[in-house]
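Thanks for coming. Please have a look at the model on the screen, and then I will go through a few points.

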Amino acid sequence: MNGPESLSRREFVAGASSLLAARAVAGSAAAAVAANAAGSAAANTAGAAGAARAAGADKASALAVHGGKKAVQRSAGGGPRWGDVERRQLDETLKQGSLFYWQGPQTQLLLERVQKVCPVKYLHSCSSGTAALHIAVAAAGIGLGDEVITSPITDLGTVIGVIYQQAVPVFADLGAGTYNLDVADVERRITPKTKAIIAVHLTGNPCDLDALKALADRHKLILIEDCAQAWGARSRGRPIGTVGHFACFSLQNSKHITCGDGGVVGSSDERFGPLLQKFGDKGGDRRKWGGHQAFATNYRMSELQAAVAAAQLTRLEAIAAKRAKLGNLLTEKIGKLPGIVPHQVHPDDRAVYWFYFFRMKPEAFRCGRSELVKAMAAEGAPVSGGYIAVPLYGEPVFRNHAFFAGRWPVKEMGLTTMDFTKHKCPEVEAILKTGIRVTIEEHMTEEYILEVAAAIEKVVMHYAV
Ligand SMILES: Cc1ncc(COP(=O)(O)O)c(C=O)c1O
């Protein structure tokens, strides 16, 4: 008998997976693509199953965690993220008489280059992504008791500025596979106190900016784009940062491009753009120095950082394009596996995968996430469970409302009824419990990603119910 019914499901799945893994390891990308196609559809064809058996399924398909051969045999590769371009730019900088940002040639070069990837009228360099967001919030006039709706799965830097301006972050739920703001839930959380939305393009996957901008316009809200993880991303062909009223970027070490720490904030809006420099530089307008009308902290970036960041901008397009390709390839390969929710990207957007994030459907597996992740890691896949440990509202400093020396003046003054211990975003909590993160880096090859996909498939098929 040749049909699948002649094999137990486990034997059959194991055979198909091992075939996929073996081919991906041994062969060219083309062979691996073919193997994967065979593997996924596979599994319903007697031919593939028979071939898998012939390939010595039993031995080869044992999970690496059980002593079998690893699906990922290639190295992830690597290499320096900076070199001669940055060195030359730093040499130039050291010939200057000043390393201060104002009218500094490196700062100007950096901003010119950022303007090419994010063509907004006003741009200002600053010391971090957190600073960029704080400057945006301050320039937008957000203050005492104002509410700002944003994502609870993000870096704390998204809301630090909101809290420092004595405003109130209100966390909305996220899309199950996009991990970006659920526009309907954002709308539900709008109150008369709402002043702004901070749209975090998590992992470099663009938010639904058209829907968010329409919502913001309808309610006269300011839309701030947190592009910290999204250098080079595009929303329906438009560069990220150009739809909202503000664009905020991070140049922190882990980001697509970096100068160790740094940020850039931008706006094309005549109400806000001219204020950016002031709110990043102690409240003073350097074009007409003298007299502080505004109050702000020092978020300046030196010329040395600007030089490195400007040099890094020359690498951006290649980095963004490569990450986009690798992440999309992973979706193509694992997207239809049973029990898996792939990273959901709109077909007309460019996601730049600061990392790749997929979910397991718990009911579809005979094991929990930690076992699944352990088995995938044993296969050599660069995976880990979850992202941040808890949604931001679950962090002790939020639960204790203890932002300023253990107190939260806005709450004590009765200007907010926010109670973070009662805040709930069900999808967010499910995402953090069921999400599996895959490292994507620009030096990885497509062949390597195919092996990672094979590793994920092998483990998924082993544990699928
Ligand atoms: C989404 C997001 N927003 C804001 C930030 C804050 O950026 P930075 O670390 O440069 O202050 C980060 C970076 O960690 C981030 O990932």
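I start with the ligand. Of the 14 residues around the ligand, the nearest are Ser128, Gly129, Thr130, Gly157 and Ala228; a residue is near a molecule if its C-beta atom, placed from the backbone, lies within 6 Å of it. This is a predicted model, where local features need pLDDT of at least 70, side-chain atom pairs count only at pLDDT 80 or more, and totals for chains, interfaces and linings use all residues. Residues are numbered from 1 along each chain as its sequence is written.

Which helices each supply at least two residues of the shell around the ligand? They are helix H7 (129-139) and helix H8 (157-164). Helices here are DSSP runs of H or I with at least four residues, strands are runs of E with at least two, and both are numbered from the N terminus. The protein chain has 17 helices and 13 strands.

Next, histidine 401. Histidine 401 sits in the loop between helix H14 (396-399) and helix H15 (409-412). Histidine 401 counts as partly exposed because it has 18 C-beta neighbours inside 10 Å; buried takes 20 or more other C-beta atoms within 10 Å, exposed 12 or fewer, and partly exposed is in between, with C-beta atoms placed from the backbone.

Leaving out residues up to four places away in sequence, histidine 401 touches Trp408, Lys411 and Phe420, contact being C-beta atoms, placed from the backbone, within 7 Å. From C-alpha to C-alpha, histidine 401 and lysine 411 are 8.2 Å apart, and 10 residues separate them in sequence.

Last, the whole protein chain: buried residues make up 50% of its 465 residues.

Notes:
Two residues are in contact if their C-beta atoms, placed from the backbone, lie within 7 Å.
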